[in-house]
Amino acid sequence: GDMYYVGLFSPKDPPDMLNGKFLWGVGFDLGFPTASDDILGTGKFLAGPSALYAYMGPKWKLGGLWQQYWSYAGDSDRDDVNQSDIQYFINYKYNATQLIGMTPNIRINWEESGSDRFTVPVGLGTIGLFRWGSFPVRYGIEAQYYVNQPDDFGPEWNLKLFIAPIAPNPFK
């Protein structure tokens, strides 16, 4: 698929409220056409703004990441991109390393019309943490059902899997 960079700027010390932290950030995203096959990517260079807002409480983690992409260069035979992605999350902290909840991505294709514009999933899954030696690694699995999807090609179900190494903050 294509490769994306998300850059967010946020306060170093977020405010404490309701026994938790309210995090926020604003920034920009860049997309690069690195897909090995046309069906796996846009064929375009992309850029746009992004914003994050989250409540990170002792038991509940709630919030969303909004991203907007517009194409500005790339394969002229491919469709232009004008797309929003909204990843919302609702998670309950089951224990010190395990969350239960959902983290689906709503996609809005502003080039389409009507209900074909929106792809809206809901899901249920778990996110955990393990160590590979001294290196922490986050993992997750989530089943998602699409309450709305484009008529011609939208998915009905999805299984989301991920593994993400956690790198130390180089600025501390």
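In this predicted model, the hairpin of β9 and β10 has two residues between its strands, and Gly133 there adopts a positive phi near 70°.

**The cavity**

The structure holds one cavity of 30 Å³ or more, and the volume of the largest cavity is about 60 Å³. Its lining includes Gly101, Gly125, Thr126 and Ile141, together with residues such as Asn91, Lys160 and Phe162. The elements that contribute two or more residues to this lining are β7, β9, β10 and β11 (157-165).

**Aromatic pairs**

A search of the whole structure finds nine aromatic pairs. One of them joins Phe22 and Tyr53 in a tilted arrangement, with 5.9 Å from centre to centre and 35° between the planes. This pair links distant parts of the chain, since Phe22 belongs to strand β3 (residues 20-32) and Tyr53 to strand β4 (residues 44-56), 31 residues apart. Phe22 is buried, at a relative accessible area of 14%, whereas Tyr53, at 49%, is partly exposed. A further aromatic pair, also tilted, is formed by Tyr145 and Trp157, with 5.0 Å between centres and 55° between planes; Tyr145 lies in strand β10 and Trp157 in strand β11, 12 residues apart, and this pair too links distant parts of the chain. Tyr145 counts as partly exposed at 33% relative accessibility, while Trp157 is exposed, with a relative accessible area of 56%. Phe22 and Tyr53 also belong, with Tyr55, to one aromatic cluster.

**Salt bridges**

Side chains of opposite charge can pair when their charged atoms come close. In this model, a search of the whole structure finds three salt bridges, which are set out below.

| Salt bridge | N to O distance |
|---|---|
| Asp38 and Arg78 | 3.5 Å |
| Lys44 and Asp80 | 3.5 Å |
| Asp85 and Arg107 | 2.9 Å |

The salt bridge of Asp85 and Arg107 ties together parts that are 22 residues apart in sequence, because Asp85 lies in strand β6 and Arg107 in strand β8. Asp85 is buried, with a relative accessible area of 6%, whereas Arg107 is partly exposed, at 41%.

The salt bridge of Asp38 and Arg78 has its side chains in loops: Asp38 lies in the loop between β3 and β4, and Arg78 in the loop between β5 (60-74) and β6 (82-93), so the pair ties together parts that are 40 residues apart in sequence. Asp38 counts as exposed, at 52% relative accessibility.

In the salt bridge of Lys44 and Asp80, Lys44 is placed in strand β4 and Asp80 in the loop between β5 and β6, and this pair links distant parts of the chain, 36 residues apart. Lys44 has a relative accessibility of 5% and therefore counts as buried, since the cut-off for that class is under 20%.

How values were computed. Residues are numbered from 1 along each chain as its sequence is written. This is a predicted model: local features need pLDDT of at least 70, side-chain atom pairs count only at pLDDT 80 or more; totals for chains, interfaces and linings use all residues. Side-chain values use heavy atoms; hydrogens and water are left out. Two strands pair if DSSP finds at least two bridges between them. Helices (H or I, at least four residues) and strands (E, at least two) are DSSP runs, numbered from the N terminus. On a 1 Å grid over the protein atoms alone, a cavity is a set of points where a 1.4 Å probe fits but cannot get out, and a pocket is an open set with protein on both sides within 12 Å along at least five of seven lines; lining residues have an atom within 4 Å of a point. Grid points are joined across faces, edges and corners, and a volume is the space filled by probe spheres set on the points. Rings of Phe, Tyr and Trp (its six-membered ring) pair if their centres lie within 6.5 Å; planes under 30 degrees apart count as stacked, over 60 as edge-to-face and the rest as tilted. Buried means under 20% relative accessible area, exposed over 50%, partly exposed in between (1.4 Å probe, protein chains only). A salt bridge is a side-chain nitrogen of Lys or Arg within 4 Å of a carboxyl oxygen of Asp or Glu.
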